[in-house]
Amino acid sequence: YLRYFDSEFYRTHGHIQGKPDLEHLTRVEAVTHFVVQGWRERRAYSRFLHAFCEPEFYRQAHPELRLQTDGAAVRHWLYQGFLAGRDPNRTTMRLRKSPYHVFNMAKCGSRSVVEAVTRAAPKATVVHAHSSVDFALTYPDCFWSYPEVVSRNPNPMRFVAGVRDPFSRLLAGYLQEHEAAITAGTLTCGPASLPSLVHSLTTALPYVVTWFEHGFHCGIDVYASPFDTARGYSVYGSGGRQAFVYRMERLSQLEEPLGEFLELPIQLGRHNVTAEKCRAMADFSA
C-alpha cells in the first residue's frame, strides 16, 4: 500500500463523516499513523487509486462482494480490489474486454479502420492507440496499462496494424508536426527548411523501424513469416490472439479480407489524409 501512499491526501481526506480529522499531522506522522492504525481502519490513503473508483459501478460489477454502500466499495477497491485485478470503473472494464484493437504506428490509415469497425459494430468498444504511452493519454480513466489490458482480456482479440513506405511515413509525421506548430501559432505555413526535415526524419526513424518489437504485448511475431506483398496484407498469430497487418497503400482494396478477419461487414472511408493538409509545406528549401 505504501507504494501508492499520498501523505497530503491521507491528512486532508474526509475520513470521518466526510470531514478530515488528521490535518494536524506532519508528513512523517501521517505515514506512521497509516502504518500503525490507518490501514486497520481502512482509511483512504491514495489520491491516485481513489480517483479511479466508481463506487456504484464497482458494486454492480462485483455483486458477489455484497458491498452495501459506496464507502464500502471504495474501501474494498483500495485494500483488496486493485491487488486482485478487479476493474474499478466502466472505462477500464470496457477497454479490458474489447475484442477489437487498432494498434499501429501513427500515419498509417488507422482512423479509417477505426471508423469502419465502429460502424460495423456500434455497440463494441474499439481500442485505438499508437503506443502504450499513447494509450494512457487517450484513455486516462483506464486503470490498467495497455500491456495489462491485453494480458487481462479473457476474450479472443483481433489486432489491426498498418505499415507504409518508411520515407512516406516519416514525411507524413514531419508534415503533421508542422501543421500542429502552425495551429499553435509557433510557425507560419510556408516552405520548410531541409535541415529541419533531415533532423526530424532521423529522429523518428528508430520509432518506425522498431515499432513491431512490442509483439502487441502478447507475443505475436510479425517477423516469423514474410509479408505478403502481392495481397497487401498478412495475418500473424494464432488462436485467440491474431494481428492483421496491412500495407496502407492497399487499404482501400482490403475491405473483404479485413471484414473476414474481424467477422464484420467492413466499409472503409478516408480520414486524416496528410496529403490534403497545407500543401505548401511540401515545398522544401535549404
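Tutor: A salt bridge is a side-chain nitrogen of Lys or Arg within 4 Å of a carboxyl oxygen of Asp or Glu. Side chains of opposite charge can pair when their charged atoms come close. This is a predicted model, so local features need pLDDT of at least 70 and side-chain atom pairs count only at pLDDT 80 or more, while totals for chains, interfaces and linings use all residues. Residues are numbered from 1 along each chain as its sequence is written, and side-chain values use heavy atoms, with hydrogens and water left out.

Student: How many salt bridges does the structure hold?

Tutor: It holds 10 salt bridges. Start with Glu8 and Arg11, whose side chains meet at 2.8 Å, N to O.

Student: Where do Glu8 and Arg11 lie?

Tutor: Helices are DSSP runs of H or I with at least four residues, and strands are runs of E with at least two; both are numbered from the N terminus. Glu8 and Arg11 both lie in helix α1 (residues 7-12). They are three residues apart, about one turn of the helix.

Student: Which residue forms a salt bridge with Asp21?

Tutor: Arg43 does, with the closest N and O atoms 3.1 Å apart. This pair links distant parts of the chain. Asp21 is in the loop between α1 and α2, Arg43 in the loop between α2 and α3, 22 residues apart. Asp21 is partly exposed at 29%, whereas Arg43 is buried at 9%. Asp21, Glu41 and Arg43 are linked in a network of salt bridges.

Student: What is there to read at Arg231?

Tutor: Asp228 forms a salt bridge with Arg231, the closest N and O atoms being 2.9 Å apart. Arg231 is partly exposed at 41%. A charge can also sit over a ring: NZ of Lys or CZ of Arg is then within 6 Å of the ring centre and within 35 degrees of the ring normal. The charged end of Arg231 sits over the ring of Tyr233, 4.3 Å from its centre. Arg42 lies over the face of Tyr79, at 4.5 Å from the ring centre.

Student: What describes a pair of aromatic rings?

Tutor: The distance of the centres and the angle of the planes. Rings of Phe, Tyr and Trp (its six-membered ring) pair if their centres lie within 6.5 Å; planes under 30 degrees apart are stacked, over 60 edge-to-face, and the rest tilted. The count here is 27 aromatic pairs. Phe48 and Phe52 form an edge-to-face pair, 5.0 Å centre to centre, with 75 degrees between the planes. They are four residues apart in helix α3 (residues 47-52), so about one helical turn separates them. Phe48 is partly exposed at 43%, and Phe52 is buried at 12%.

Student: Which aromatic cluster holds Phe48 and Phe52?

Tutor: One formed by Tyr4, Phe48, Phe52, Tyr58, Trp77, Phe82, Phe143 and Trp144.

Student: What makes the nonpolar surface patch?

Tutor: Patches are made of residues with over 30% relative accessible area and no salt bridge; like charges are joined within 9 Å, nonpolar side chains (Val, Leu, Ile, Met, Phe, Trp, Tyr) within 5 Å. Leu2, Val35 and Val36 make a nonpolar patch of about 270 Å²; accessible areas come from the Shrake-Rupley method with a 1.4 Å probe, and for residues only the protein chains shown count as cover. Val36 is in helix α2 (residues 27-38). Its relative accessible area is 51%, so Val36 is exposed.

Terms used. Buried < 20%, exposed > 50% of the residue type's maximum accessible area, 1.4 Å probe, protein only.
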